[in-house]
Amino acid sequence: MTYQEIWNLIEKYNRIIVLRHSRPDLDALGSQIGLVQAINVNYPNKEVYMTGDSSARYGFIGKMDELTDDLFKDALVIICDVAVKEMVSDDRYKLAKEVLIIDHHKNPSNIEGAKVYIDESKVACAELIGDMLLTQNKDITSYGATALYGGIVTDSGRFQYQPTNEKTFKVAAFLLSKGADMNFIYDNIYVETLAQRQMKNYFSNLYQVDEESGVAYLKCTKEVLAKYKDVPFFDISRGMVNLMAGVSEVLIWCNFTYDEENDKVVGEFRSRGVEIVDIAKKYGGGGHPCACGATLKDYNEADLVIEDFKKLAKEYKEKENS
């Protein structure tokens, strides 16, 4: 598909529902909210809704709509920031007349019959949608621009991660020109309470580093989580993984968090310059080249992931030093 074909599809429908993946990060929410706001301002006569599970961490960005099943009938559903059915936040997309996927991850879609637009060159789905607005001369509200800007900031690690490039900054500048509130995003993401900082200090003392390979890992087991049982899962699984970032000896770092609700272990994987997504895919996951994850059966499987990362990191070092 092309950007123009996406807008043509949007123009066909009177009712549009925008979804994203469950347990949303700010890119998922920012893409969803930004797209809704863009459709609203460019096509004010359409019914546009967004729904999905809530986020304790990123709830500041906006609330979801409560929708009845009948609203999905004859609607276009647009799914942002995910292409696999297992992770979609609301499986009522199956009731829609048509489904469109807008994503930037490497995973191919397994949603049967959906139209798909995936651009892996974008660091965030929010960048993709922002670029779709910029290049097609579409307007957006300041609220929508703020949401998209937040998605770009977080998925790019404040413009540090690949594939951030000059196009990313061009989209960010466009969103700022449309009223994106940069300080609102930074204050809500990077300013924390004393209790939150102390929690990070606690988890910082738990991770281990294999200095030979340059792999760091944190295991947030059921016993470890008991100390913070009231903290949202996302705040520990994804929220603690980058405690290991920025250490010169560490090339790859990962956090394995026990998910009591599903009796699984959620792995969050990150790296500095090493492409690790193929290992995430090996264990049924995926994501970005240097920022990805997978849901694992148990900690025995987590240990296998760690060993794979150690091997990969050693091979990377040998190649760099040759």
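Is Cys220 buried or exposed? I found Cys220 buried, at a relative accessible area of 0%; buried means under 20% relative accessible area, exposed over 50%, and partly exposed in between, with a 1.4 Å probe and protein chains only.

Before going on, I noted that this is a predicted model, in which local features need pLDDT of at least 70 and side-chain atom pairs count only at pLDDT 80 or more, while totals for chains, interfaces and linings use all residues. Residues are numbered from 1 along each chain as its sequence is written, and side-chain values use heavy atoms, with hydrogens and water left out.

Cysteines. I looked for disulfides, taking a pair of cysteine sulfur atoms within 2.5 Å as one. The count came to 0. Cys220 is in no disulfide, and the nearest cysteine sulfur, that of Cys254, is 11 Å away. Cys292 is in none either; the sulfur of Cys290 is the nearest, at 8.1 Å. Cys292 is buried too, at 5% relative accessibility.

Sheet. I then traced an open sheet of 5 strands with parallel pairing, in the order β2-β1-β3-β4-β5. Strands here are DSSP runs of E with at least two residues, helices are runs of H or I with at least four, and both are numbered from the N terminus. Two strands pair if DSSP finds at least two bridges between them. The edges are β2 (47-50) and β5 (115-118), each pairing on one side only. Between β1 (residues 15-20) and β3 (residues 76-80) I noted 5 bridges. Val18 stands opposite Ile78 in β3.

Helices. Helix α1 (residues 3-12) packs on the sheet and touches β1, β3, β4 (98-103) and β5, where contact means heavy atoms within 4.5 Å. I also looked up helix α3 (residues 125-135), which lies across β3, β4 and β5.

How do α1 and α3 lie to each other, parallel or perpendicular? Their angle is about 90 degrees, with the axes 10 Å apart, and they are therefore roughly perpendicular. Axes are lines fitted to C-alpha atoms, for helices over the stretch in contact, and angles run from 0 to 180 degrees between N-to-C directions. Angles under 35 degrees count as roughly parallel, over 145 as roughly antiparallel, 65 to 115 as roughly perpendicular and the rest as oblique. Residues making the contact include Ile6 and Trp7 of α1 and Leu128 and Met132 of α3.

Pro289. My last entry is Pro289, in the loop between β10 (286-287) and β11 (291-296). Pro289 touches Lys106, Val274, Glu275, Ile276 and Val277, not counting residues up to four places away in sequence. The C-alpha atoms of Pro289 and Val277 are 4.9 Å apart.
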